[in-house]
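Please keep the sequence and the structure in view while reading.

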Amino acid sequence: MDNHQSLAAQLHQLAWNLWWTWQPEVVAIFRDLDPALWREQNHNPIAFLAALPAEQIEQRAAEIALESRINNAFRQLDEYLRERHTLGSTTCSILQRSPVAYFAAEFALHESMPMYSGGLGVLAGDHLKAASDLGVPLVGVGIFYAQGYFRQRIDATGWQEESYGLVDLHTLPLRRAMGRYGRPVVIEIPLDSDRLLIGAWRAEVGRATLVLLDSDVEGNSPANRALTAHLYGGDERERLLQEIVLGIGGIRMLGALGMQPGVLHLNEGHSVLAALELARQRKVADGVAFAVAHREVSLRTVFATHTPVPAGHDRFAPELVLQHLGWLQREVGISPEDFLALGRVNPRDSSERFCMTVVGLKSARYTNAVSALHGHVTRQMWQNLWPGRPEAEVPIGHITNGIHTNSWLAPSMSALYARRIGPDWQRQMCNPEAWEKIEALVDAEFWEVHQAVKRRMLNYVLRRCLLRSPDEPAVCVPALDVNVLTLCFARRFTEYKRPALLFSDPDRLATLVNAPGRGLQIIMAGKAHPHDDYAKRVLRQVLELTRDPRFRDRITFIEDYDFGVARHLVQGCDVWLNTPRRPFEACGTSGQKTLLNGGLNLSVVDGWWAEAYDGENGFAIGEGHAHSDPAVQDARDAASLYDVLENQVIPLYYHRDAANVPPAWVTRMKRAVMTLAAYFNADRMVRDYVRECYLPASGGVPSAMPGMRMGSAMRHLV
């Protein structure tokens with residue numbers, strides 16, 4: 001990097017590496033240049049800088065003394081990229097030559113890159129960032145969705161409407177993936193009745209690279225050019241073709257870019273065709289049998305399944321699979337029946353649909369679920385693939401998901417940890433002893449920092465609500481109070497997440513939210529899938545309550561849930577509510593984001609909370625049991641939720657000392673951080689993958705990793 005560039009040039013260079021998205025000091029530089037414009041451009045530094053002439057940047061920087069801050073940020077990025085003493089350089093040297101290829105259907109890195117839907121994308125983005133911080137050689141492979149995921153609008157009746165618009169490439173930190181002669185790389189995938197051309201875009205994510213595949217390439221038919229336009233849209237045929245783009249196109253694109261992956265990390269069934277394509281290449285190149293090639297590829301493949309709901313696993317009609325993958329079946333030299341058997345639990349059942357998850361399970365050396373409880377659910381779900389083995393011996397383990405702390409932590413909370421744990425607290429992230437220092441925090445200090453973050457969140461919510469014009473009253477403008485216990489619920493609206501569980505007894509809830517001197521305010525956000533009318537009806541029921549006089553100033557819904565909304569809510573809430581129907585929450589990392597910001601979890605004992613809750617570091621809904629009748633279970637959990645709110649959460653929050661600090665509440669806040677922060681983070685998660693999966697799959701020898709708590713992905717592998 002050239003340290004003598006102009007301030008504007010330095011800012012542009014900072015904007016082109018997504019490292020800035022988890023550097024609050026850099027975000028603050030952009031914001032301070034022009035706060036209103038920064039918000040108007042959705043916190044997108046490329047669009048922001050395009051709207052600011054270089055002379056204006058220089059002038060504004062001089063007015064508010066930004067020059068040294070910009071130079072410092074520029075130097076920090078340079079040092080970060082040049083650093084050689086990382087976990088990756090000392091432990092993963094074998095991966096330097098052949099990195100991990102991390103495949104996912106979506107990557108959520110920041111609200112300014114709107115090409116994600118939800119949890120899977122957030123996990124992929126956090127994994128990429130943590131790998132960068134640790135110096136683990138890793139390249140992400142995904143799809144560039146030209147129209148992204150839908151924008152949500154609520155009409156006057158409370159019904160969700162969806163709209164799509166082209167993502168402006170000129171405002172994204174993406175460059176065309178170029179070949180050795182400086183020309184855009186385009187690869188070809190043969191289809192039985194057509195051909196599919198794929199280009200790609202590259203993004204720099206700290207030290208990691210993200211490759212996004214794009215079918216909008218000259219030479220494709222109009223239908224094929226539009227293939228990658230939408231995330232999770234279209235019919236069965238379109239979904240299959242998108243998975244061909246991701247898996248087969250991803251492997252071919254990496255090869256065209258000179259990247260030879262040493263390990264495949266395949267997330268969900270969307271990307272498992274990558275393993276079959278790599279096996280095809282091995283067979284064609286070396287003339288070995290497909291079974292031999294497939295086994296060799298499997299030995300360096302990691303498959304992560306994230307879905308405990310049977311309906312969430314992609315299944316395709318056999319005739320559709322052969323129509324679009326018949327060429328692959330013929331090139332690997334096996335019969336159509338044997339090819340289809342790769343995606344069937346019962347290979348001899350000709351009526352069974354082709355399941356991508358089954359392909360993944362049959363193509364991986366290591367298969368893992370994403371929490372301990374999810375591991376049990378997944379082994380039970382797929383036990384028939386290993387007939388005769390008891391459930392405990394099914395070769396599916398687990399590595400519990402974690403969150404990229406710097407992406408979700410409020411800057412003032414980070415500063416607090418730096419003061420009380422030490423300036424290098426992030427390097428000690430996985431050391432439980434470092435977090436013990438939180439116990440010595442003065443209650444008032446911890447509480448005031450949380451209250452300041454909460455006040456900022458409430459102001460943000462108010463701004464979002466005011467974005468609607470006066471003639472669009474579907475979402476009411478709230479009267480929010482920083483002194484009122486604030487509960488947040490934000491996630492995808494779908495049946496098993498039960499977003500309306502809290503509203504099952506409106507009269508009882510009205511008593512709680514309006515109690516004099518000890519009320520409750522609720523902030524909600526979330527999208528229903530465009531084709532899920534049930535979820536849309538639930539969403540409308542929730543919105544109707546916001547217009548009920550009893551709840552008008554106590555229940556707020558934020559339209560168009562995205563990464564930025566999530567970040568503000570997890571940072572500022574007092575209580576994070578999670579109400580899945582156990583055991584259908586695979587992990588649920590949103591609550592992990594809350595705990596580091598001083599919020600407490602109120603959750604069904606499912607996913608990560610089943611591993612985390614100790615009785616004193618948050619609150620639990622139910623006893624961790626699941627009734628065979630969902631209606632009975634829902635009634636039980638609703639009763640438990642109200643009981644916990646009435647008898648634990650609300651009394652604890654409003655019991656104050658002379659300084660107006662809730663001592664018992666703050667004690668629980670501290671305990672949450674002390675008992676959970678060291679484990680439920682993406683640093684630990686990536687370390688687990690390195691030690692238990694990546695190094696063995698690459699042929700490397702795991703070595704001792706300081707701060708490492710052994711995960712359990714291998715406990716059930718035989």
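Helices (H or I, at least four residues) and strands (E, at least two) are DSSP runs, numbered from the N terminus. This is a predicted model, in which local features need pLDDT of at least 70 and side-chain atom pairs count only at pLDDT 80 or more, while totals for chains, interfaces and linings use all residues. Residues are numbered from 1 along each chain as its sequence is written, and side-chain values use heavy atoms, with hydrogens and water left out.

**Backbone geometry**

- Asparagine 42, in the loop between helix 3 (35-40) and helix 4 (45-50), has a positive phi of about 55 degrees although it is not a glycine.
- With a relative accessible area of 33%, asparagine 42 is partly exposed, where buried means under 20%, exposed over 50% and partly exposed in between (1.4 Å probe, protein chains only).
- Aspartate 560, a residue other than glycine, likewise has a positive phi, near 60 degrees, and is found in the loop between strand 17 (555-558) and helix 24 (563-572).
- A cis peptide bond with omega of about 10 degrees joins arginine 582 and proline 583, and proline 583 is placed in the loop between strand 18 (575-578) and helix 25 (590-595).

- Glutamate 268 belongs to the loop between strand 9 (263-267) and helix 12 (273-286).
- Glutamate 268 is buried yet has no salt bridge, and the nearest side chain of opposite charge, arginine 492, is 8.8 Å away; a salt bridge here is a side-chain nitrogen of Lys or Arg within 4 Å of a carboxyl oxygen of Asp or Glu, and for charge Lys and Arg count as positive and Asp and Glu as negative, with His and the chain ends not counted.
- Its contacts (heavy atoms within 4.5 Å), not counting residues up to four places away in sequence, are Leu120, Phe303, Ala304, Thr305, His306 and Thr307.

**Aromatic rings and charges over them**

- The structure holds 27 aromatic pairs, a pair being rings of Phe, Tyr and Trp (its six-membered ring) with centres within 6.5 Å, and planes under 30 degrees apart counting as stacked, over 60 as edge-to-face and the rest as tilted.
- Phenylalanine 339 and phenylalanine 354 are stacked, at 6.1 Å centre to centre and 10 degrees between the planes; the former lies in helix 15 (residues 336-341) and the latter in strand 12 (residues 354-355), so the pair ties together parts that are 15 residues apart in sequence.
- Both phenylalanine 339 and phenylalanine 354 are buried.
- Trp447, Phe619, Tyr653, Tyr654 and Trp665 form one aromatic cluster.
- The charged end of arginine 207 sits over the ring of tyrosine 80, 4.0 Å from its centre, the rule being that NZ of Lys or CZ of Arg is within 6 Å of the ring centre and within 35 degrees of the ring normal.
- Lysine 527 lies over the face of phenylalanine 150, at 4.9 Å from the ring centre.

**Salt bridges**

- The count of salt bridges comes to 34.
- Aspartate 560 forms a salt bridge with lysine 527, with the closest N and O atoms 3.3 Å apart; lysine 527 lies in the loop between strand 16 (520-525) and helix 23 (533-546), so the pair ties together parts that are 33 residues apart in sequence.
- Aspartate 560 is buried at a relative accessible area of 7%, and lysine 527 is buried at 12%.
- Salt bridges that share partners join Arg252, Glu277, Arg280 and Glu331 into one network.
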